[in-house]
Amino acid sequence: MFYPDISQYTESLLNPQGRFRSLTGVVPRVDGQGMPLLHSNANRVTFRVTVDGAAYLMKCILKEEGPCSAAMLYEHIAGQRPEFLPRTAYLYKEMYVFDNSGSGQWVDVILEEDAPHRTVDVYLNDACLRRDYDRLDTAARQVCLMTLWKIDADLCHGMISPSNVRVGDDGRVRLANFDFASIGSLSDVPSHPDHDNLACLCLWAHTLRIAPQVAGMLEIEPSDPIQVKYHREKIVALASEIVPLYGSDAAKGLFEHVWAGMHDPERLRGMVEALLSGNEPVVRLHPPVREEQPTPEAAKKEPVDLSRYEWAGQCSEGTYCVMNRDRWGFVSEHGEQITPLIYDWADDFHEGRAAVMKDDLYGLIDKQGNEVIPLQYEDLQWEWETGIAMVARDGRYGFMNRMGEKTVAFRYSWVGEPSGGLIAVQYKGKYGYVDKDGEMVIDAQFDDAYSFDGGKALVVKDNERYYIDAAGDFFSY
């Protein structure tokens with residue numbers, strides 16, 4: 001079986017005569033140097049293209065592995081409920097590609113709709129800033145409906161995160177990016193991580209319905225580059241101040257479900273259906289739950305006129321993160337441009353570095369706008385207090401330092417937040433704890449694990465909950 005490499009696919013895509021059997025009007029979207037916009041993982045390379053004027057993602061196969069081929073997967077996806085999925089098509093022997101010897105073959109390609117959208121966290125944040133309760137209610141309902149669909153779907157997505165849950169211009173919520181998906185009945189990949197992440201997202205959406213003013217307190221403004229589970233502790237901590245006091249019985253039940261780390265899809269179904277029933281009114285908290293105080297740095301300086309931007313953060317290390325028309329960049333404390341507004345998302349500078357995202361890929365820049373870590377990773381979290389960037393490639397996480405040098409190989413399925421010198425990780429299906437150098441300190445033996453807090457961490461093993469200390473010793477929950 002001939003699997004072309006990225007350069008061979010690129011050569012065919014850029015051919016002015018086109019090398020497609022049935023598609024017409026295929027035009028690659030290109031960067032400033034005329035090169036196609038693309039991203040890749042071990043199995044596929046994805047090009048951004050237009051076909052007869054409509055935007056699509058063209059996915060090309062680099063290799064096949066596992067019991068489920070790309071053809072089987074995408075034909076299975078095409079048979080799912082379309083309201084929660086982008087339109088896709090698996091096209092057999094569609095593109096003509098030459099190998100290194102000059103011989104050519106027809107190869108398969110996948111087309112996935114690339115309709116205008118915003119990631120669900122950006123959408124929720126914007127609705128909160130505008131106090132648009134109709135949009136908040138609609139988004140929360142849509143996430144709940146998607147959760148019910150996902151519980152029944154014979155499909156394991158494997159990377160459900162805010163960046164992969166998209167809200168279109170029509171207000172519909174869709175699940176995107178199936179590069180690590182599998183057919184549930186043909187795979188031994190567990191489905192509960194998908195359900196856990198959607199339950200966490202449901203809880204956050206319903207918390208914002210009650211108190212939109214807490215949107216900026218999750219410290220993921222406005223887009224979370226790590227899977228929802230990464231911020232479970234933060235979501236639970238903020239929700240704990242609101243949902244138990246002001247939430248409906250169904251919302252309180254969902255809070256308990258997420259807090260306890262339960263993996264019971266039928267229980268989750270019942271709570272989500274109760275939330276959708278709308279039998280209980282939603283309490284709206286208009287006064288701020290917490291008053292955010294300006295930093296001493298900001299208090300000492302004359303205010304900068306940032307009125308030309310739709311959104312601007314607080315001053316951080318002499319810079320402001322700003323946004324106009326869903327494009328993000330940075331200006332100095334004097335209002336001078338540091339980077340143009342070219343990113344789809346950007347975080348504040350910490351220790352001279354800022355995480356940014358463009359075309360669904362993440363990187364790390366310095367204050368001159370140089371890419372210290374190139375924008376080519378699926379996920380990135382800059383943990384400036386420990387000086388490590390936790391990045392994901394091909395569905396696996398590794399660590400890099402502030403200079404972009406790899407310090408820990410890509411081997412973890414999930415990573416938590418550093419705390420107490422330890423980082424919770426998922427390795428070969430189990431959870432354990434490593435240090436910032438990737439050394440396993442507490443063996444991966446748990447079914448679930450939280451970050452350390454006050455010298456102890458909550459873990460789940462054989463359906464029992466325990467606390468452990470930094471030495472891995474158990475004590476009563």
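Tutor: The sulfur of Cys128 lies 15 Å from the closest cysteine sulfur, which belongs to Cys202, and this is too far for a bond. A disulfide is a pair of cysteine sulfur atoms within 2.5 Å, and by this rule the count comes to zero disulfides. Cys315 is likewise in no disulfide, with the nearest cysteine sulfur, that of Cys321, 12 Å away. The model is a predicted one, in which local features need pLDDT of at least 70 and side-chain atom pairs count only at pLDDT 80 or more, while totals for chains, interfaces and linings use all residues. Residues are numbered from 1 along each chain as its sequence is written, and side-chain values use heavy atoms, with hydrogens and water left out.

Cys128 has a relative accessibility of 1% and therefore counts as buried. The term buried means under 20% relative accessible area, exposed means over 50%, and partly exposed covers the range in between, with a 1.4 Å probe and protein chains only. Cys315, with a relative accessible area of 6%, is buried.

Cys128 is one of the buried residues of H3, among which are Val120, Tyr123, Leu124 and Ala127. Helices (H or I, at least four residues) and strands (E, at least two) are DSSP runs, numbered from the N terminus. Nine of the 10 residues of helix H3 (residues 120-129) are buried, and therefore the rest of the structure largely encloses this helix. The list of those buried residues includes Asp121, Asn125 and Asp126. What do they pack against? The partners of the buried residues of H3 are strand E7 (117-119), helix H4 (133-152), strand E9 (165-168) and helix H5 (192-210). After H3 comes Arg131, whose phi is positive, near 50°.

Two of these partners may be examined through single residues. Arg135 has its place in helix H4 and, at a relative accessible area of 17%, is buried. Contact means heavy atoms within 4.5 Å. With its neighbours within four places in sequence left aside, Arg135 is in contact with Arg118, Tyr123, Asp126, Ala127 and Arg130. Of these, Tyr123, Asp126 and Ala127 are among the buried residues of H3.

Val165 is found in strand E9 and is buried, with a relative accessible area of 0%. Its contacts, apart from neighbours within four places in sequence, include Thr119, Val120, Met146 and Leu201. Val165 and Val143 are 22 residues apart along the chain, and their C-alpha atoms are separated by 8.8 Å.

At 9% relative accessibility, Pro86 counts as buried. Residues up to four places away in sequence not counted, Pro86 touches Glu112, Glu113, Arg174, Leu175 and Phe178. Its C-alpha atom and that of Asp469, 383 residues apart along the chain, are separated by 45 Å.

For Asp326 the value is about 65°, and its loop runs between strand E13 (319-324) and strand E14 (327-332). Asp326 is partly exposed, with a relative accessible area of 31%.

The whole chain may now be considered. The protein contains 10 helices and 31 strands, and buried residues make up 53% of its 477 residues. Along the principal axes, its C-alpha trace spans about 65 × 55 × 50 Å. The radius of gyration is taken over C-alpha atoms, and the globule rule is 2.2 Å times the number of residues to the power 0.38. For 477 residues a compact globule would have a value near 23 Å, and the protein has 23 Å, which agrees. Among contacts between residues at least 6 apart in sequence, 50% join residues at least 24 apart.
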